[in-house]
Amino acid sequence: MRCRILLAAVLALLVAVPVLAEEPPKEARAAWQNMQPDIMIQDEIGNPITGIRCATLDFGPTENPRAPEDLDAWLQENALEKFSVNIPVSVHVIYYTSGSRTYGSVTDAQIAAQIAQLNAEYGPCGVSFYLHSTTRTNNKTWATMRPGTSTELTAKTALAVDPTNVYNLYTAAPGGGILGWSYFPWSYAESSVWHGTVIHYGSVPGGYLTSYNEGDTAVHECGHYLGLYHTFQGGCTEPNDYCADTPQEATPDYYCTEGRDTCTAPGLDPIHNFMDYTPDYCMYEFTTDQCERIDWAVTTYKPGLL
Ligand SMILES: [Zn+2]
């Protein structure tokens with residue numbers, strides 16, 4: 001009898017203590033802590049403050065390939081039909097109230113416009129999205145979370161919907177004025193709650209962030225979620241972003257500098273590409289190789305989305 005009670009107690013404990021997702025490595029957490037502001041944005045009443053354009057970092061097991069050895073060969077072998085994926089999106093609005101004001105509100109219409117923007121830009125890659133569900137949470141600690149923290153893990157553990165099969169998109173008012181971040185598909189197992197994207201709520205269509213309020217922060221961050229690197233990855237050194245049709249770029253462009261050409265390799269800097277750092281009005285394209293790379297990354301690391 002005593003044995004049975006003990007067994008019941010052990011089982012109860014196992015149910016009560018959820019399996020915690022793995023923390024990002026120490027180096028990544030240090031890099032987030034040392035991340036310097038690189039843009040000017042506004043606070044809610046229009047005062048200029050510094051922000052961080054993108055806080056996505058590449059970590060995860062080194063043995064997980066970041067690219068196929070030969071993308072064309074991989075496509076010939078694996079992509080027999082035209083790549084097509086329709087991804088359910090669970091949107092989690094995390095907001096807070098202070099005095100009589102509410103920070104972090106996003107309307108249903110803005111959520112619909114954000115999904116529409118994702119569809120407009122990823123359509124040519126064969127990737128579409130639809131709204132699966134919406135949650136709204138009043139929690140200042142969660143709303144002001146920063147990447148890779150135990151706060152982020154707690155919020156995501158509570159809110160994430162089926163990360164294997166669903167894209168979780170969190171809107172928040174991140175500490176440090178960060179516009180957004182994601183986790184590359186090779187960083188964690190596909191079922192990990194870390195997956196998904198956190199964006200600044202002011203970056204959704206019609207949001208209050210000047211120059212960044214057409215919904216392209218989510219497009220950019222979703223690119224990381226689907227395996228795309230920045231166009232300036234590796235600077236003027238191959239293999240850069242593993243996409244031959246995005247010309248080399250030494251550093252990010254923050255301003256939409258027409259004719260910018262920072263590397264001697266052929267081609268002007270891809271300032272209109274969603275994976276650069278230009279303002280929303282400037283970015284409008286993905287390339288064929290980027291689309292094909294998404295095909296590889298999803299098939300390899302996020303097959304639950306297919
Ligand atoms: Zn980025």
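**Group meeting: a walk through a predicted model**

Among contacts in the protein chain between residues at least 6 apart in sequence, 66% join residues at least 24 apart. Keep in mind that this is a predicted model.

Some overall numbers next. The secondary structure comes to eight helices and eight strands. The radius of gyration of the protein chain is 20 Å, close to the 19 Å that the globule rule gives for 306 residues, so the chain is as compact as a globular protein of that length. Taken along the principal axes, the C-alpha atoms fill a box of roughly 75 × 55 × 35 Å. Of the 306 residues, 42% count as buried.

In soluble globular proteins, nonpolar side chains tend to be buried together. Here the largest nonpolar core has 61 residues, and those that touch the most other members are Val89, Ile94, Leu118, Ala172, Leu226 and Ile294. Several elements each supply at least two residues of this core, among them helix 4, strand 5, strand 6 (167-172) and helix 8 (288-301). Which strand gives the largest share of this core? That is strand 3, with six residues.

Leaving aside residues up to four places away in sequence, Ile94 touches Gly104, Thr137, Asn139, Trp142, Ala143, Ala155, Tyr170, Thr171 and Ala172.

Now helix 4. The helix has 15 residues, 108-122, and at 1.5 Å a residue should span 21 Å; its end C-alpha atoms are 21 Å apart, which agrees. Its buried residues are Gln110, Gln114, Ile115, Leu118, Glu121 and Tyr122. Seen down the axis of helix 4, the buried residues fall within an arc of 140°, so they line one face of the helix. What covers these residues includes strand 3 (85-98), strand 5 (127-138) and helix 7 (216-225). On the other side of helix 4, Asp108, Ala109 and Ala120 are exposed.

Next, a hairpin. Strand 1, residues 39-42, and strand 2, residues 48-51, pair in the antiparallel sense over four bridges. Gln42 stands opposite Pro48 in strand 2. Five residues lie between the two strands of this hairpin, and Gly46 takes a positive phi near 95°.

Is Asp162 buried or partly exposed? Asp162 has 13 C-beta neighbours inside 10 Å, so it counts as partly exposed.

Another is Asn240, with a phi of about 50°, in the loop between helix 7 and helix 8. Asn240 has 21 other C-beta atoms within 10 Å, so this residue is buried. Pro239 is also placed in the loop between helix 7 and helix 8, and the peptide bond from Glu238 to Pro239 is cis, with omega near 10°.

Last, Leu305, in the segment after helix 8. With 20 other C-beta atoms within 10 Å, Leu305 is buried, because the cut-off is 20 or more. What does Leu305 touch, not counting residues up to four places away in sequence? Its contacts are Val85, Ile87, Asn165 and Val298. Leu305 and Thr164 are 141 residues apart in sequence, but their C-alpha atoms are 6.9 Å apart in space.

Key. Residues are numbered from 1 along each chain as its sequence is written. This is a predicted model: local features need pLDDT of at least 70, side-chain atom pairs count only at pLDDT 80 or more; totals for chains, interfaces and linings use all residues. The expected span of a helix is 1.5 Å times one less than its number of residues. A residue is buried if 20 or more other C-beta atoms lie within 10 Å of its own, exposed if 12 or fewer, and partly exposed in between; C-beta atoms are placed from the backbone. The arc is that of the directions from the helix axis to the C-beta atoms. Two residues are in contact if their C-beta atoms, placed from the backbone, lie within 7 Å. The radius of gyration is taken over C-alpha atoms; the globule rule is 2.2 Å times the number of residues to the power 0.38. A nonpolar core is a set of buried Ala, Val, Leu, Ile, Met, Phe, Trp, Tyr and Cys residues joined through C-beta atoms within 7 Å. Two strands pair if DSSP finds at least two bridges between them.
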